[in-house]
Amino acid sequence: MVYIIPAIFLFVFIFGAIKKVKLYSEFSAGIQEAVKFTFSLLPCLAAIFMMCELFEVSGFSDIITKALSPVFSALGIPAELTKLVLIKPFSGSGSLAYLNKIIQQYGADSYISRCACVCFGSSETVFYISAVYFASTSVKNLAKPIVIVLISTLISTVFACLLCRIM
Amino acid sequence: MNAIFAAIFIISSVFLLFVSPDKFLPSLLSGAESAAKMSLTLFCIYAVWMGLSRIAEKSGLSAGAARALKPLSKKLFKTDNPAAQENIAMNLSCNLLGIGGAATPFAVKAIAQLEKEKNEFAQKLLFIINATSIQILPTTVIALRAGANSAAAYDIFLPSLICTCISTVTGVLLYLVFSKIKRGAGN
């Protein structure tokens, strides 16, 4: 697995050299695009991160976690994972920190940790992605796609908890 | 997004006023600070991958990838725009290879291309595919488990693969069904 990324780079660079692409100029031109792109993301990022911070610090997230715990247990999702499942759509770094805590607390090979890892690895930061993707478009009414993504993620979470029991 | 942002922001602020009002400004500032740090991290990822992708683009490699995936992008995304197809192809390839950070710039470019033809259907579809995660190898999680002395850090590979497929397939199917219903109602 460690060879995949170097192999991709070598392949693209050698292929580019054969096709007489000016590697240095084009590589820097690509990075120039990255600079612009990162700056265009910053406003969305800042707003979303402030929202997430408030959500977390105010204790609002804890209240929702407690309220939803019974629902999640009924679906077979352990109570210890409720918070992780809820935070993941909002914050990648926040949920990563929480995942780390779960692994430290329960041990890397426990059912809870394995379950948490599968849930984390098979879901995305939905709100962040929606903000970034549609920042420069006129698309409105994102509620439906977001709800669809959240439902799909919940279904796969239920399966994750089930699969970790048997695999 | 505007509604969600407003709701969460206002409710959380009101909560915070009751619990500890002195934490209000520090929270906002620390949120902005994490955004600044995050954008630095993101820049590093994008610099590496967008540099590489520019070479792939100039050498005709991305066009090749787009050609290979053309039947799929034409049928599923209903677009004939070659630039959009190229970016969609690169986005999907990066996702499958597990380099999610590299996938984002391609998706944003593809969405900008689709905007030109007002193809809102394809824009939302691409969002759903990306937001339901289609990673083959969850590298972050495996690294984390290996770091915590797991006896078999890779043993979550199969369940992860199954789950990521389940969520993406469910998402795409739900979306297709809903757009069919909507179109049916419109006729």
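Visitor: At what angle do helix α3 (residues 61-68) of chain B and α5(B) pack, and how far apart are their axes?

Guide: In this predicted model, α3(B) and α5(B) pack at about 90 degrees, with their axes 8 Å apart.

Visitor: Why are α3(B) and α5(B) called roughly perpendicular to each other?

Guide: Angles of 65 to 115 degrees count as roughly perpendicular. The angle here is about 90 degrees, and α3(B) and α5(B) are therefore described in that way. On the side of α3(B), the contact is made by B:Ser62, B:Ala63, B:Ala65 and B:Ala66, and on the side of α5(B) by B:Gln85, B:Glu86, B:Ala89 and B:Met90. By class, these residues are 5 nonpolar, 2 polar and 1 charged.

Visitor: What makes the pair A:Glu26 and B:Arg54 a salt bridge?

Guide: The term requires a side-chain nitrogen of Lys or Arg within 4 Å of a carboxyl oxygen of Asp or Glu. For the side chains of A:Glu26 and B:Arg54, the N to O distance is 2.7 Å, so the pair meets the definition. Between chain B and chain A the count is 5 salt bridges, and there are also 13 residue pairs in polar contact.

Visitor: Which helix gives the most to the side of chain B that touches chain A?

Guide: That helix is α2(B), with 24 residues. The residues on this side of chain B comprise 53 nonpolar, 24 polar and 11 charged.

Visitor: How much area is buried between chain B and chain A?

Guide: The buried area is about 7500 Å², and carbon and sulfur atoms give 80% of it. In terms of residues, 88 of chain B are in contact with 82 of chain A.

Visitor: How many salt bridges does the structure hold over all chains?

Guide: The total over all chains is 12. One of the salt bridges joins A:Lys83 and A:Asp62, whose closest N and O atoms are 3.3 Å apart.

Visitor: Why does the pair of A:Lys83 and A:Asp62 tie together separate parts of the sequence?

Guide: A:Lys83 lies in helix α4 (residues 82-87) of chain A and A:Asp62 in helix α3 (residues 60-74) of chain A, so the parts joined are 21 residues apart in sequence.

Note on methods
Residues are numbered from 1 along each chain as its sequence is written. Chains are lettered from A and ligands numbered from 1 in the order in which they are written. This is a predicted model: local features need pLDDT of at least 70, side-chain atom pairs count only at pLDDT 80 or more; totals for chains, interfaces and linings use all residues. Side-chain values use heavy atoms; hydrogens and water are left out. Contact means heavy atoms within 4.5 Å. Buried area is the accessible area (1.4 Å probe) that two parts lose on being put together, summed over both. A polar contact is a pair of N or O atoms within 3.5 Å; within protein, one must be able to donate a hydrogen and the other to accept it, and residues adjacent in sequence count only if both atoms are side-chain atoms. Helices (H or I, at least four residues) and strands (E, at least two) are DSSP runs, numbered from the N terminus. Ala, Val, Leu, Ile, Met, Phe, Trp, Tyr, Cys and Pro count as nonpolar, Asp, Glu, Lys and Arg as charged, and the others, Gly among them, as polar. Axes are lines fitted to C-alpha atoms, for helices over the stretch in contact, and angles run from 0 to 180 degrees between N-to-C directions. Angles under 35 degrees count as roughly parallel, over 145 as roughly antiparallel, 65 to 115 as roughly perpendicular and the rest as oblique.
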